[in-house]
Amino acid sequence: MTTLLVIAKEPRPGRVKTRLTPPFTPKEAAALAEASLADTLDVVARTPARRRVLVLEGAPGPWLPPGFEVVRQCRGGLDERLAAAFAGCDGPALLIGMDTPQVTEALLTVDFADCDAYFGPAEDGGFWALGLAAPDPSLLRGVPMSVPHTGAAQRARLTGLRVRELPLLRDVDTAYDAELVAKEAPDGRFAAELARMAGASR
C-alpha cells in the first residue's frame, strides 16, 4: 500500500495564508488554513494507506486526527523539505499539501501497479500532488518552487517515467480561490468557516 504524506504548516496567525490578508485578518486567514488542513487530514485518514504522515512545520493541534505519524519539516527551501519527506519513505508514496480541502478519497487512492509516478497539476502553475513508486529525493531537489512554472519544472523531472496525470485542482491562495474551492466542497469545514466569516461581516 501507499504512504500518504501531507506537508503543512501549523495554522498560526501571520504564518499561514498571508495572501488572504486582506480582505481577511491574519486570525481569519489562520482559521481558514486550519479548516483547510482539517478537511485534508480527514480525507487522508479515510483513504486506505500503509502509513499516514504529517510533515509539519510547527506543532500539532486538535485538528490532527488519530492515525498519523508527525514528522518535523527539515530546514531549507520547499524543494529540500519535499525531498526529505520522500526520503523518509521506503515504498510507494503520494504527497499532497494542505491547500486543497476539496480533495477526495478517490483522488488519493492510487495504484502504482503499472506506473512510476502520479502528478497533480494546480491552477496556479504549481502542483497539488506528487506520487512516486520508488521515492527519489533527487527528483525534487533544485526544482524552483512558488513560481508560475513550478509544475512544469517538476513534471519535467518525471521524464522517462510512466506517469499518470491527476485532475487539475485549485489551491487556496487568494480570497477568490477560497470562494471557488468552498463551492467545490460545500459540506466541509473550510466552506463552513468561510460562510461563517461572510455572515459575521454583514
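Trainee: Okay, where do I start? What order do the seven strands of the open sheet have?

Mentor: Remember that this is a predicted model. The order across the sheet is β3-β2-β1-β4-β6-β5-β7, and the pairing is mixed.

Trainee: Which strands stand at the edges?

Mentor: Those are β3 (69-72) and β7 (163-165). Each has a single partner strand, so one side of each has no neighbour in the sheet.

Trainee: And what does the twist average from one strand to the next?

Mentor: The average is 20°.

Trainee: Let's zoom in on a pair. How do β1 and β2 run, parallel or antiparallel?

Mentor: Parallel. Strand β1 covers residues 3-9, strand β2 covers residues 51-57, and seven bridges join them. If you want a spot to look at, find I7, which stands opposite V55 in β2.

Trainee: Switching topic: which residues touch the most other members in the largest nonpolar core?

Mentor: L54, L108 and W128, out of 30 residues in that core. Two or more residues each come from β1, α1 (26-46), β2, β4, α3 (105-108) and β6.

Trainee: Which element gives the most?

Mentor: α1 does, with seven residues. As background, nonpolar side chains tend to be buried together in soluble globular proteins.

Trainee: What does L108 touch?

Mentor: Leaving out residues up to four places away in sequence, L108 touches L4, V43, V44, T47, L94, I96, V103 and W128. There is also a second, separate core of 21 residues, and L82, F86, C89 and A93 are among them.

Trainee: Now rings! How many aromatic pairs does a search of the whole structure find?

Mentor: Two. In one of them, the rings of F112 and Y118 have centres 5.2 Å apart and planes at 85°, so that pair is edge-to-face.

Trainee: Are F112 and Y118 buried or exposed?

Mentor: Both F112 and Y118 are buried.

Trainee: And what are the numbers for F119 and F127?

Mentor: F119 and F127 form a tilted pair, with 5.7 Å centre to centre and 40° between the planes.

Trainee: Why do F119 and F127 count as buried?

Mentor: The cut-off is under 20% relative accessible area. F119 has 4%, so it is buried. F127 has 14% relative accessibility, so it counts as buried too.

Trainee: How many bridges join β5 to β6?

Mentor: Five bridges join them, and the two strands run antiparallel. P121 stands opposite F127 in β6. The hairpin of β5 and β6 has five residues between the strands, and there G125 takes a positive phi near 95°.

Trainee: Last one: in which sense do β5 and β7 pair?

Mentor: In the parallel sense, over three bridges.

Notes
Residues are numbered from 1 along each chain as its sequence is written. This is a predicted model: local features need pLDDT of at least 70, side-chain atom pairs count only at pLDDT 80 or more; totals for chains, interfaces and linings use all residues. Side-chain values use heavy atoms; hydrogens and water are left out. Two strands pair if DSSP finds at least two bridges between them. Helices (H or I, at least four residues) and strands (E, at least two) are DSSP runs, numbered from the N terminus. Axes are lines fitted to C-alpha atoms, for helices over the stretch in contact, and angles run from 0 to 180 degrees between N-to-C directions. A nonpolar core is a set of buried Ala, Val, Leu, Ile, Met, Phe, Trp, Tyr and Cys residues joined through side-chain atoms within 4.5 Å. Buried means under 20% relative accessible area, exposed over 50%, partly exposed in between (1.4 Å probe, protein chains only). Contact means heavy atoms within 4.5 Å. Rings of Phe, Tyr and Trp (its six-membered ring) pair if their centres lie within 6.5 Å; planes under 30 degrees apart count as stacked, over 60 as edge-to-face and the rest as tilted.
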